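Here's a quick briefing to read with the model open beside you.

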Amino acid sequence: MLQACIPGCESLDKTSDTGDLPPGRYTVWVDGLAPDDPPILLSVRATPVASGDTCNNPRPLAFSDAGTATEVGDTTALYADSQASCSSSPIAPDLVYRFATGKALNLDVEIVTREPAMQPVVYLRSLCAGGELACAQAAAVGGSATMQALELPSGT
């Protein structure tokens, strides 16, 4: 049996953050359809999770004293991990941001695209696997999406 270690780990007893997989030990199985299938060449690439690519590795939002946050993001190199309930589009790459509040607040979010072929979607969750608290999709390709969540309780 061939065993390999992802770059950054020293043995199979160590763990490494790669792709969308949580740290741990994994096995890759290769199978065929017939007992006399020819030999194969296996190629595996493991890359670290990019900031914002998953709910477990979100990008932090930094708010100004005036209560605003502005970020420029790009989803093209990220994975399609989730889909909003209000989206009419097929699942697409997503970018996750995180913020915390110590008191109830009203939240207004606007997503503006610089790509004329994109139809932005934005949604809010309190937990990675939790239900959506708010969701909005741009009315048309190239448009902007505006979402509002009123009386959002304190939390992350």
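What follows is a short tour, grouped by topic.

This is a predicted model, so bear in mind that local features need pLDDT of at least 70 and side-chain atom pairs count only at pLDDT 80 or more, while totals for chains, interfaces and linings use all residues. Residues are numbered from 1 along each chain as its sequence is written, and side-chain values use heavy atoms, with hydrogens and water left out.

**Overall fold**

- The protein chain has zero helices and six strands, where helices (H or I, at least four residues) and strands (E, at least two) are DSSP runs numbered from the N terminus.
- Going along the sequence, you get β-β-β-β-β-β.
- Among contacts in the protein chain with a separation of 6 or more, 55% come from residues 24 or more positions apart; contact here means heavy atoms within 4.5 Å.

**Surface and burial**

- Of the chain's 156 residues, 17% count as buried (buried is under 20% relative accessible area, exposed over 50%, partly exposed in between, with a 1.4 Å probe and protein chains only).

**Disulfides**

- There are two disulfides in the structure, each being a pair of cysteine sulfur atoms within 2.5 Å.
- Cys 55 and Cys 128 make up one of them, with sulfur atoms 2.0 Å apart, and at -90° about the S-S bond this link is left-handed.
- Cys 55 sits in the segment before strand 1 and Cys 128 in the loop between strand 4 (121-125) and strand 5 (132-137), so this pair ties together parts 73 residues apart in sequence.
- Cys 55 is partly exposed at 34% relative accessible area, and Cys 128 is partly exposed at 33%.
- Cys 86 is joined to Cys 135 by a disulfide, S to S 1.9 Å.
- Cys 86 lies in the loop between strand 1 and strand 2 and Cys 135 in strand 5, so the pair links parts 49 residues apart in sequence.
- The S-S torsion of Cys 86 and Cys 135 is about -75°, so that disulfide is left-handed.
- Cys 86 is partly exposed at 27%, and Cys 135 is partly exposed at 25%.

**Single residues to check**

- Glu 151 is not a glycine, yet has a positive phi of about 50°.
- You'll find Glu 151 in strand 6 (residues 144-152), exposed at 68% relative accessible area.
- Asp 81 is in the loop between strand 1 (59-60) and strand 2 (97-98) and is partly exposed at 36%.
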